[in-house]
Amino acid sequence: MAQDHLVSVEGFRGFPAPQVPADDRCTMGNQCLRTTASAQDEDVTSMAVNRVELAASELFSLPGVAKAYHTSVLVNGEEYFFSDSGIVSDRMLTSHQGTPTERLDLGYSSRTGIHLLRAMQEHFQPMTYDLIRKNCNSFSDCALHFLVKKRLDKKFTKMERLGMCNVGLLKQVTNGMYTPNEVAANFQVEAVIADLDAKGDRFLGSAPETNQKLPLSIGMRVIIMDLNHTKELNGQQAEIVRYNPVNGRWEAKLPSGEIKAIRIENLRPEKELALSVGDLVRVHGLQSESGKLLNGLEGEVIRYVHESSRYEVSIGSDVKALRSENLKPVTNSTS
């Protein structure tokens with residue numbers, strides 16, 4: 001039986017990590033990364049006007065063995081990072097609690113942050129995060145290659161490489177917070193990079209108009225739902241207190257004062273209609289000409305999309321993204 005998407009986080013409430021000693025820092029961006037460009041590579045730095053940076057924060061360490069890092073990529077000051085929610089962007093460095101341990105200037109790219117989002121979304125979908133097999137550093141490695149043809153320095157991934165060889169040790173170091181995500185079992189960074197190279201400039205002419213906004217924010221009130229093993233928490237209100245880069249989840253403070261890291265699929269904004277995957281709903285109140293054709297039709301909830309504040313609903317052979325105010329739960333007593 002699947003476990004609840006919820007874990008205790010008492011051991012990691014001290015993040016951000018302590019400062020790295022000066023002699024252990026990289027003082028130049030190029031010293032921290034490996035260049036992968038060749039004469040055959042497309043020149044993504046020609047006509048480059050988009051500033052690219054790497055942000056990194058130390059999470060925890062095994063003294064004398066390895067340090068664990070959270071990394072993200074900045075394009076013109078906009079942070080892009082991979083989490084259990086998928087790829088999100090933010091200008092407040094939320095994933096580093098505002099202050100990364102290191103912030104490295106890596107030069108300029110002809111590709112924008114929106115191009116990056118477009119190119120990477122299919123490879124870094126929500127609910128595919130894994131602390132060692134497919135994490136923030138996997139994303140940063142691929143993102144840097146896409147933007148500036150450089151690779152993330154191996155110092156930032158030493159802990160997960162060690163963890164792959166000893167999952168038991170990793171669970172011990174993380175106080176039991178690590179649970180393998182089987183969806184990420186076959187993920188390979190090199191396969192993603194090969195795909196990005198094969199597609200070349202295809203993403204440059206088909207970028208979306210907007211970035212993927214931060215799905216949740218500090219201080220947001222939410223409702224917990226659909227937990228299986230801790231059902232007593234379902235329906236409780238909670239407050240988002242921070243993003244946890246160790247497990248890629250958001251931490252929420254319960255009415256009891258306890259803090260839990262909960263998958264985004266088990267959270268709904270407090271003011272939204274709380275529907276579960278599989279719930280039957282009836283569409284109503286749409287005003288556009290095409291929308292009016294949907295009024296009165298019934299469908300099944302597929303998922304809630306935090307970024308757009310809409311439910312995806314399967315209606316016949318189509319999937320529609322609809323706001324909660326345009327949906328009514330279908331019950332036996334509903335006429």
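A polar contact is taken here as a pair of N or O atoms within 3.5 Å, where within protein one atom must be able to donate a hydrogen and the other to accept it, and residues adjacent in sequence count only if both atoms are side-chain atoms. The model is predicted, so local features need pLDDT of at least 70 and side-chain atom pairs count only at pLDDT 80 or more, while totals for chains, interfaces and linings use all residues. Residues are numbered from 1 along each chain as its sequence is written, and side-chain values use heavy atoms, with hydrogens and water left out.

The side chain of Lys-150 reaches the backbone oxygen of Leu-106 at 3.3 Å. Lys-150 lies in strand E8, residues 150-152 (strands are DSSP runs of E with at least two residues, helices runs of H or I with at least four, numbered from the N terminus), and is buried at a relative accessible area of 11%, buried meaning under 20% with a 1.4 Å probe and protein chains only.

| Pair | Quantity | Value |
|---|---|---|
| Lys-150 and Leu-106 | sequence separation | 44 residues |
| Lys-150 and Leu-106 | C-alpha to C-alpha | 8.9 Å |

An open sheet is formed by 5 strands in the order E6-E5-E4-E3-E7, with antiparallel pairing, two strands being paired if DSSP finds at least two bridges between them. Strand E6 (86-90) and strand E7 (102-109) stand at the edges with a single partner strand each, so one side of each is left without a neighbour in the sheet. Strand E3 (residues 50-62) pairs with E7 in the antiparallel sense over 7 bridges, and Asn-50 has Ser-109 as its bridge partner in E7.

Definitions and conventions:
Buried < 20%, exposed > 50% of the residue type's maximum accessible area, 1.4 Å probe, protein only.
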